[in-house]
Amino acid sequence: TSKMIVRAVFAALLSYGLYQLTIPTLLGILAFGVLYIVYTAYVFKKWEQDFSGHRLTRRNSKSPSNSLLPDIKSLEENKARILENSKYHEQFDDCELLHDVPDMKVTKKANNEFRKRAKRTASLTPKDLIPKRGSIIGSMLGSLNMVSKADELNMDHIYVGFFDFLWAFTFIGPFSYFLWKKGTIILRIRQFLSKKGIITPKPCDYEAMCATIILEQTQAIHYYARTKPDSGLGNIAGFFFANFPYVDNDCEYQVADLFAVDIDLDTKRFVKAKLDDVNLNAKEALILLWYNTIAAQHVKLHSMANWGVNLDEALSDVNPFFRRSSVVTVMYNYFGYTSFNGFMKIWAEEGLVSDGWAGSKKPFVQSVNHGIKDNVWQHAQIDELAKYSEFISFIIKVRAIFLAEFEKHKKLFPGTNGEAMFVGTVLHSLDHTLMDWNLEDALWLDVDDARFGKMAEVGRVVKVGFVSDVPGLYFHKRFKDSGHPFYESVYQKAAKINKKLADNMDTCIIK
């Protein structure tokens, strides 16, 4: 057969090529082969430990993402929770913003249209490959629950086959490891030199930085209200975080009733911040905002993304680019959730973080789980901030573009929720990009702060090792120049709005 001929020719060419090589080169290839076999055995044990027999595909009814994406929590529920929590702390009694929130009645017609565009199909298999109705195989393929909604978000649960797992450990894992290893080595050197007074970090305008890290990242969804036009306080926006997770300086996981930050929208500067009964300065607020970003806010995006992927083998022929992007997303969620906390012991031994982070209580994991379970709160009023935020303005416009194009190309993305896909691609990648651009120097996070220094330790590590792009990837990950009809169409339209941001939109979670 033709396949046998091709294999024979390939084998002959390979044999001839090896014959032409020198002995040292052959020995090098042999050594590499042996090492890779050992590495493969190690990866197989990891796969058996964490995936084989422990996880389910999205086809299985017990998989969280087999059910529909859980509803976001209503604005009214969030408002009630914030008002209730504020009652326990006297310093919120005179807060003008707390009791002046209009009921947000978003146009139902517009919301329904977005839901229609984002709605997933009932099967993970491309339509053209689904057998006729009535066949046993066909009923198995159409296996997504289109009625019930998941109880909560879940960041790391989708099954990945061994060869996809090995591919990720070969072409992603080593480069991700290199990124954080290089970053933490440089951080240790810089911290040492800074303590000795040999180097001085670039000055930080903490009041401006707090405003930027809220307005120009996904934390903006915590926008609650702004002062009235005739307010003597000025044009102030209030950002409220109810049941706010943090870690104290004993490395103990805590939950505050209410964290509130006021930002002057005209000057784009920090005004004040409160954590329950404690007034905070901008430097302290920055630590809390950064920690919330990495531990409780950003993980919501990772979790939602699981409803926007499809690893089905049938996609290998129909939409291989999307399938590979899905594998990358699921594997990076695994790296970020299951693997990340295991590195705490290494960083503790290197003196980058305190021993408590590597302890049995796992305060970082508790913070992450809190953020995931808390879900996303409705934030329809965020459009009030569009004129004050380049990021918010861009996202509002591009979301509409994305979902319109998704509806046109829906047959390429079976079983995929368009909203979740938008979150796991555009929103996630730009949150990372802006985290990197906004916090220019990890040393701006004060590890010596008497109240919040421990969170700054982990914040520094994440900044230097887990925020920027992973180097050395052989596969394409951007919307730009993807060659895919859907991603290219979205990019071309998004680039007309803001090319700088559009150029950094990723097609998968890869950082």
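This is a predicted model: local features need pLDDT of at least 70, side-chain atom pairs count only at pLDDT 80 or more; totals for chains, interfaces and linings use all residues.

User: Fine. At what angle do α9 and α15 pack?

Analyst: About 155°. Their axes are 8 Å apart. α9 covers residues 282-304.

User: What does that make α9 relative to α15?

Analyst: Roughly antiparallel. The cut-off is over 145 degrees, so the pair qualifies.

User: Left-handed or right-handed crossing?

Analyst: Left-handed, as α9 passes α15.

User: Stay on α15. Where does it run, and what should its residues span?

Analyst: Helix α15 takes in residues 418-438, which is 21 residues. At 1.5 Å a residue, they should span 30 Å. The end C-alpha atoms are 28 Å apart, so that agrees.

User: Where is the kink in α15 centred?

Analyst: On leucine 427. The kink is about 30°.

User: And what caps the N-terminal end?

Analyst: Asparagine 417 does that for α15. One of its side-chain oxygens lies 2.9 Å from the backbone nitrogen of glutamate 419.

User: How many residues of α15 are buried?

Analyst: 19 of the 21. So α15 is largely enclosed by the rest of the structure. Buried here means under 20% relative accessible area.

User: Other pair now. At what angle do α7 and α16 pack?

Analyst: About 125°, with the axes 8 Å apart. α7 is residues 173-195, and α16 is residues 453-465.

User: What does that make α7 relative to α16?

Analyst: Oblique. α7 passes α16 in a right-handed crossing.

User: Where does serine 194 sit?

Analyst: In helix α7. Serine 194 is partly exposed, at 27% relative accessible area. Its C-alpha is separated from that of leucine 443 by 8.9 Å.

User: What is the relative accessible area of valine 318?

Analyst: 35%, so valine 318 counts as partly exposed.

Definitions and conventions. Residues are numbered from 1 along each chain as its sequence is written. Side-chain values use heavy atoms; hydrogens and water are left out. Helices (H or I, at least four residues) and strands (E, at least two) are DSSP runs, numbered from the N terminus. The expected span of a helix is 1.5 Å times one less than its number of residues. The bend at a residue is the angle between axes fitted to the seven residues ending there and the seven starting there. Buried means under 20% relative accessible area, exposed over 50%, partly exposed in between (1.4 Å probe, protein chains only). A polar contact is a pair of N or O atoms within 3.5 Å; within protein, one must be able to donate a hydrogen and the other to accept it, and residues adjacent in sequence count only if both atoms are side-chain atoms. Axes are lines fitted to C-alpha atoms, for helices over the stretch in contact, and angles run from 0 to 180 degrees between N-to-C directions. Angles under 35 degrees count as roughly parallel, over 145 as roughly antiparallel, 65 to 115 as roughly perpendicular and the rest as oblique. A crossing is left-handed if the near helix is turned anticlockwise from the far one by less than a right angle, and right-handed if clockwise.
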